[in-house]
Amino acid sequence: MRYSKLLLPTTKETPAEAEVISHKLLLRAGFIRKLTAGVYTYLPLGLRALQKVSQIVREEMNKAGAQELLMPMVQQGDLWRESGRWQKYGAELLRFTDRHDRDFCLGPTHEEVITDLARRELLSYRQLPTNLYQVQTKFRDEIRPRFGLMRGREFVMKDGYSFDVSDEAAETSYKNMYEAYHSIFNRCGLKFRAVEADTGSIGGSFSHEFMVLAETGEDTLVICEQCNYAANVEKAAIVSPEDNRDPKGELFDMVEVKTPGMKKVERVADFMSVVPSDIIKTMVYLADGEPVAALVRGDREVQLVKLKNMIGADEVEVVDDSTIYDMTKLPVGYLGPVGLPLKVAVDQEVMQMVNCVSGANKKGCHLKGVNPGRDFTPDFVGDLRQITTEDACPTCGGALSLTEGIEVGHIFKLGTAYSEAMNATFQDKEGGEKPFVMGCYGIGVSRVIAAAIEQNNDKNGIIFPLPLAPFQVIVLNLGLKDEKITTAAEQIYQELLAQGIEVLYDDRDERPGSKFKDADLLGIPFRVTVGKVFAKEGKVEMRLRRTGETSTISLKEAADFIVQTIGTELAVSK
């Protein structure tokens, strides 16, 4: 491709709307342009990068035995009512009606559509297992789209679905996709981890997220430094504490203590001459519109996803103090579990506390000598708190570290949740009807591009992994008016094209400095420069974008050397 004919509007200035490095560089390098909030047009280089990711995904999915299809983006509301998600999915589901007042939505995912297809077409156990996937545009009406391709409203996704006869067979399909995803992200040249994760609005019994490790990630990952354990902080299991309470130990009587103006754990601890871990912290949230109390130790934090799962809620929200007071008429800052007229969820650690301090549900008052089990009985008990680096690995007991990550893939074992709800069955060997055991497998194709840039950049621009680069080589002609230089640049360009190399030829009438800057900004892995060195010595310069390493090669050898180098790198990535 000749640069002079390419729609590639690079800019020097960082757009004000961009917050993270991938968003800044994708806009500056002319890969995308914003249409409206969370919706982008892919310009030619952006589309080429998107197609690179899609091709890797397709190759590995096909290799794993999956079959590609394409489902409608517009879905009828009746299917979502069958699955129970029409209201449950929430405001991210963009609903609308057609001219006949029938309900439809723009597909954020396709569990309902694929299940409907399966119940019509997969009638016998002889057709199973079946794994179907698509690469398609999705729409989720995010309340606050941000970070460019990292969290948009419209995005490109690979979603796949497996159908099996049993849990055991579904496990095999799940493991097959788990391995395929490792191959996909390895081929993309990304540093990533597969972590245990919450199933969220998709549902199912368990899942893994594939996270690209990057400081700008929205998710916190928990990684064991001694074994392979890794989990999203929302899912990270905390080892149940041993009950070290002395069965003969004295349990104090509860005493009310005046604590005017003392709403914070630290102030109460100082006043009571205790430490924060001796205090029961009571937090109130809205669970499906109803207030619920969550109790953790004073030095801990509530993990909202764990709370949601513990009490079986569809949605848990943080609310402000005035809303809590309006709903409960209780003084925020002085809340406690004794006599609390709400459903109470308690972290397992709290149940091991003895003679502790809590709010008295009375303004300006706390209780001391509170004992769980004697003075209050919770409705729910379990792992409720946020994990810390002080906790031990639940698998091996080793030390844990926390790091940031960007979710680029998510796989779920759905079980029969959708097939039972939608009466999607097959005939088994005995002639009976059984529901499909399903799996769901997603990859954020457009998000992979952003994640790759977050992980691969420097002050000069993008540093694309070779498999994702829109072009493999950029050839710079630094002597457009010099016939000898132009002839040599044209020769290299044509020889590379003839050998199947994806090459961008910068034939613009621009200063050398501008061409160098644009080449670095675009992140193309190999730069070939035909300029003064060629005029003097008959050699061209080849520079590696990632390392900055530069070498000179004769014109005769240049094309073959580049082809061989690219071939070697691509072979390693596979």
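User: How many disulfides does the rule count here?
Analyst: In this predicted model, where local features need pLDDT of at least 70, side-chain atom pairs count only at pLDDT 80 or more, and totals for chains, interfaces and linings use all residues, the count comes to 0 disulfides, a disulfide being a pair of cysteine sulfur atoms within 2.5 Å. Residues are numbered from 1 along each chain as its sequence is written, and side-chain values use heavy atoms, with hydrogens and water left out.

User: What makes C393 count as buried or exposed?
Analyst: Buried means under 20% relative accessible area, exposed over 50%, and partly exposed in between, with a 1.4 Å probe and protein chains only; C393 has 2% relative accessibility and therefore counts as buried. C356, at 1%, counts as buried too.

User: Which domains does the assignment give?
Analyst: The domain assignment, which is automatic or from a database, gives domain 1 (3-234 + 401-454), domain 2 (255-382) and domain 3 (471-573). The centres of domain 1 and domain 2, taken over C-alpha atoms, are 38 Å apart, and their contact (heavy atoms within 4.5 Å) takes 4 residues from domain 1 and 6 residues from domain 2.

User: What makes K88 and D314 a salt bridge?
Analyst: A salt bridge needs a side-chain nitrogen of Lys or Arg within 4 Å of a carboxyl oxygen of Asp or Glu, and the side chains of K88 and D314 meet at 3.8 Å, N to O, so the pair qualifies. Between domain 1 and domain 2 the count is 1 salt bridge.
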